[in-house]
Amino acid sequence: MIKVDNLKLPIGHTEDELYAKLEKELKLNKFSKDLNTSGYSCRIFKRSLDARRKPELFYVYSLLVTLDNGLEDRILKHVRDRNISSYKPVIYQSPGESGSKELTGHPVIVGAGPSGLFCAYELSRRGYAPIVIERGERVENRIETVKKFFLGGRLNTESNVQFGEGGAGTFSDGKLNTGVNDKMGRNRYVLDTLVRFGAPEEITYSARPHIGTDILALVVRNMREEIIRNGGQFLFDTRMTGFEKGDRGIENVCVVNDGNESAITSNCMVLAIGHSSRDTFKMLKDRNVDMEAKAFAVGLRIQHPQEMIDLSQYGRTGKGGPGPADYKLTNRTAGGRNVYSFCMCPGGYVVNASSEAGRLCVNGMSYSGRSSLNANSAIIVSVNKDDFKSDDVLAGMEFQRRLEERAYTLGGGAIPVQEYGDFKRGTLSGGGGSLTPQIKGNYKLADLRELLPDELNEAIIESIDKFGYTIEGFDRDDAILAGVESRTSSPVRILRNDNYEGSIEGLYPCGEGAGYAGGITSAAMDGIKVAEAIMKKYRPAEAGR
Ligand SMILES: Cc1cc2nc3c(=O)[nH]c(=O)nc-3n(C[C@H](O)[C@H](O)[C@H](O)COP(=O)(O)OP(=O)(O)OC[C@H]3O[C@@H](n4cnc5c(N)ncnc54)[C@H](O)[C@@H]3O)c2cc1C
């Protein structure tokens, strides 16, 4: 296979123009006789956007080309160019061998977010017939529940934006980029698997892949159906409340469904519980499972007109071109705080992402078309135990809770919002700006200065003002702030050893909640790693039945 990098074409180019450019770079006219008989195949490996000459925009491609008859070697010898090289794709291979330890029952996976789903999918493919326990509803019902909540209905504390099939990312922008560089090819495998279950092919080559909440829900359902076809089971509306252990580790997983308690016999339990399962963190602490406190970040979500972001990034609108523009901003404040934009949602909505009664937090989501009027992102500040003022392992979680209680009170149960100019000046003018808030859930004007500690407010103001130099208008008075963004990552890490087991044998901490991932793709990759560790240790479930 030959990889051709750096093929640059205006964004409106045709497919023929791309092929013509490729053939010219590879000097294929010199090999036309051989090509007449065998031809070649080509696929996009990566496509990124070059906006350095805005408003002229270009796509920059890396293409993978396959040719027959030893032609690849001949071409590589003939065309000496640093953008053209031989390429061997890394194709993820699930480990071939199974372990010898007998499974009592089936592996139990707690949580049907990306880490739990991918763990279950991998185990089911190899005959391990996992049981997936999910405290929330199946995705079809969850969508209805969340829709009602956004329209002002009561919060369902078991099935909401954080909890339910698909996990925390189901009502999201579905951004799939990750900084994790996996030499085994798990990253690409995750994207290919999502495509297999309904995601667009484009996510496998776009430099900034995203799915959108509408398509994510479909992918999640299709994955569940395949896991069931492979022999797996799903128990929805079922919460893991604890476990029983003997001398040799986990023996039973305790669950509750509709008030009825029961135990599932298993010596293998995956904790893919996400970053918001606070009652479960508390239970793990009470049961002396080894955990440590972890730094995370908190802040406010900000909205701007998408057109303003497009103009700054592209010099033109993204409509009819590359689509709405995104951004990534960071600042180190004079006081030494790291402030950065997080989970930017082009053409998106701010959503009420609460999961506990009397507490409120926000996040962002987009549909696949990213067509709302506003761009939003969280502007967050790193916090650690100096901010929590306690050494307790759950001090970060309690810190989140206090902020969320304040947010709830400030908005009287609705999302508290304020224009940036008011926030900066400490006034509350009534919000007469030109932006139309794009928010899912009720919202109410409030003084957001009362939400975060003063030092964090100052860090956010200093940073938003600085970001105004990078993106013109970022610091405009009528940008809309909403709070509180508190669920950016897990407040704890559940410790695990090199075999991916926690401090109790048969207990597998996994994904974002356990502190081993940050985002949909890395959580899914961690689910695969945990499945590999389980397969290495245990014989498949069928053999153990
Ligand atoms: C609104 C929103 C937008 C986001 N946008 C993006 C984005 O665009 N891109 C991105 O990469 N990331 C995004 N994220 C983050 C992303 O969702 C998480 O990183 C990812 O979902 C983590 O996967 P996970 O499987 O580790 O945990 P989760 O997805 O949180 O899944 C955990 C699951 O476990 C269940 N559970 C918890 N405790 C129990 C229990 N005791 N018993 C039974 N079930 C239990 C929960 O109900 C939940 O479904 C977003 C998050 C939110 C909330």
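**Notebook: helices and sheets in a predicted model**

I began with helix α13, residues 454-470, in what is a predicted model. Its 17 residues reach 25 Å from the first C-alpha to the last, close to the 24 Å expected at 1.5 Å a residue. I then listed the buried residues of α13: Leu-456, Asn-457, Ala-459, Ile-460, Ile-461, Ser-463, Ile-464, Phe-467 and Gly-468. What covers these residues? I noted that the cover includes the strands β13 (296-305), β14 (330-332), β15 (338-345), β18 (374-383) and β22 (480-485), along with helix α12 (420-425).

**Open sheet**

Next I traced a sheet of five strands, which is open, parallel in its pairing and ordered β7-β6-β5-β11-β24. β7 (233-235) and β24 (507-509) are the edge strands; each has a single partner, so one side of each lacks a neighbour in the sheet. I recorded an average twist of 20° from one strand to the next. For the pairing of β11 (residues 269-271) with β24, I found three bridges in the parallel sense. Val-270 has Tyr-508 of β24 as its bridge partner. Helix α14 packs on this sheet, where it touches β11 and β24, and its direction makes about 160° with that of β24.

**Helix pair**

I followed α14 (residues 520-537) to helix α6 (residues 186-196): the two axes come within 9 Å and cross at roughly 105°. Which residues make the contact? On α6 I listed Arg-186, Asn-187, Tyr-189 and Val-190; on α14, Thr-521, Ala-524, Met-525, Ile-528, Lys-529 and Glu-532. Sorted by class, the contact of α6 with α14 has five nonpolar, two polar and three charged residues.

Last, I looked up strand β9, residues 249-257. Is β9 mostly covered or mostly uncovered? Seven of its nine residues are buried, and I put it down as mostly covered. Strand β8 (residues 238-246) runs antiparallel to β9 and is joined to it by eight bridges. Gly-242 is placed opposite Cys-254 of β9. I counted two residues in the hairpin that joins β8 to β9.

With strand β10 (residues 260-265), β9 pairs in the antiparallel sense over six bridges. Here Val-255 has Ser-262 of β10 as its bridge partner. The hairpin of β9 and β10 also has two residues between its strands, and I noted a positive phi near 50° at Asp-258.

How values were computed. Residues are numbered from 1 along each chain as its sequence is written. This is a predicted model: local features need pLDDT of at least 70, side-chain atom pairs count only at pLDDT 80 or more; totals for chains, interfaces and linings use all residues. Side-chain values use heavy atoms; hydrogens and water are left out. Axes are lines fitted to C-alpha atoms, for helices over the stretch in contact, and angles run from 0 to 180 degrees between N-to-C directions. Helices (H or I, at least four residues) and strands (E, at least two) are DSSP runs, numbered from the N terminus. Contact means heavy atoms within 4.5 Å. Ala, Val, Leu, Ile, Met, Phe, Trp, Tyr, Cys and Pro count as nonpolar, Asp, Glu, Lys and Arg as charged, and the others, Gly among them, as polar. Two strands pair if DSSP finds at least two bridges between them. The expected span of a helix is 1.5 Å times one less than its number of residues. Buried means under 20% relative accessible area, exposed over 50%, partly exposed in between (1.4 Å probe, protein chains only).
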